[in-house]
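Student: Could you walk me through this model and show me how to read its features?
Tutor: Gladly; let's look at it together.

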Amino acid sequence: MGEQTVQLDALDARLIAMLAAEPRIGVLELSRRLAVARGTVQARLDKLIARGAIKGFGPEVVPAAIGFGVMSFVTLEISQRYGHDAVAEHLAEIPEVLEAHTITGSGDILCRIVARSNADLQRVIDQIVGYEGIVRAHTIIALAELIGYRTVPLVRAASHA
């Protein structure tokens, strides 16, 4: 995507870990807990945002808690004459498609999708493959989340590199 590499130090790692644990914490409280000036915290945050290391502070919604208890991963094979962008536009119109990534290997796009039930999953898949640019879909239903999406361990490791 063109983001530049950001070097993280121990202060950056602690700052990010605190924000991950308490997203609503204020800059003043962060500066107090980190024992650094408010301006330092604000400057670090501004730098991390400007360089693309932090991209949002929005709420993390749990799909199962709002009725979408079935999660699956779908590998799509696409018709090359339509291309990735057209398929991505189609996928973006389906609310249950949480993520889509171009991939290497036997498929072209990997999606993480949610549904209300197994029957609803069929509806979502039908909606996905209803686009003529998609040739085939392979679906794997996730049974349980063992490790949720996380970045703090990675941030800690990067700050020690």
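Tutor: One definition before we begin: helices here are DSSP runs of H or I with at least four residues, and strands are runs of E with at least two, numbered from the N terminus. Keep in mind that this is a predicted model.

Student: Which residues does UniProt list for "domain: HTH asnC-type"?
Tutor: The UniProt record, an unreviewed entry, gives residues 8–69 for that feature. In the model, this span is 53% helix and 0% strand, and the C-alpha atoms at its ends are 36 Å apart.

Student: How should I read the packing of two helices?
Tutor: Two packed helices are described by the angle between their axes and the distance between the axes. Take α1 (residues 10–21) and α2 (residues 27–34): their axes come within 11 Å and cross at roughly 130 degrees. That angle makes α1 oblique to α2. The crossing of α1 past α2 is right-handed.

Student: Which residues of α1 and α2 meet?
Tutor: From α1 come Leu11, Arg14, Leu15, Met18 and Leu19, and from α2 come Leu30, Arg33 and Leu34. Sorted by class, the contact of α1 with α2 has six nonpolar residues, two charged and no polar ones.

Student: At what angle do α1 and α3 pack?
Tutor: Helix α3 (residues 38–50) packs on α1 at about 85 degrees, with the two axes 11 Å apart. Angles of 65 to 115 degrees count as roughly perpendicular, and α1 and α3 are therefore described as roughly perpendicular to each other. On the α1 side, the contact is made by Leu11, Asp12, Leu15, Ile16 and Leu19, while α3 brings Thr40, Val41, Arg44, Leu45, Lys47 and Leu48. These residues divide into seven nonpolar, one polar and three charged.

Student: And how are α1 and α6 oriented, roughly parallel or roughly antiparallel?
Tutor: Start with the numbers: α1 and α6 (residues 152–159) pack at an angle of about 170 degrees, and their axes are 8 Å apart. The two helices are therefore roughly antiparallel to each other. Ala10, Ala13, Ile16, Ala17 and Ala20 of α1 make this contact with Val152, Val155, Arg156 and Ser159 of α6. By class, the contact of α1 with α6 has seven nonpolar residues, one polar and one charged.

Student: Now the sheet. What is its strand order?
Tutor: For a sheet, read the order across the strands, then the sense of each pairing. Here an open sheet of four strands has the order β2-β3-β1-β4, and the pairing is antiparallel. At the edges are β2 (97–102) and β4 (134–142), each pairing on one side only. From one strand to the next, the twist averages 20 degrees.

Student: How many bridges join β1 to β4?
Tutor: Eight bridges link β1 (residues 70–78) with β4, and the two strands run antiparallel. As one example, Ser72 has Ile141 of β4 as its bridge partner.

Student: What do β2 and β3 form together?
Tutor: They form a hairpin, with six residues between the strands. Their antiparallel pairing extends over five bridges, and His101 has Leu110 in β3 as its bridge partner. Look at Gly105 in the turn too: its phi is positive, at about 105 degrees.

Terms used:
Residues numbered from 1 in each chain as written. Predicted model: local features only at pLDDT ≥ 70, side-chain atom pairs only at ≥ 80, totals over all residues. Heavy atoms only, no water. Pairing = 2+ DSSP bridges. Axes fitted to C-alpha atoms, helices over the stretch in contact; angles between N-to-C directions. Parallel < 35°, antiparallel > 145°, perpendicular 65-115°, else oblique. Left-handed = near helix turned anticlockwise from the far one by under 90°. Contact = heavy atoms within 4.5 Å. Nonpolar A, V, L, I, M, F, W, Y, C, P; charged D, E, K, R; others polar. UniProt positions renumbered as here; feature names shortened; annotations may be inferred.
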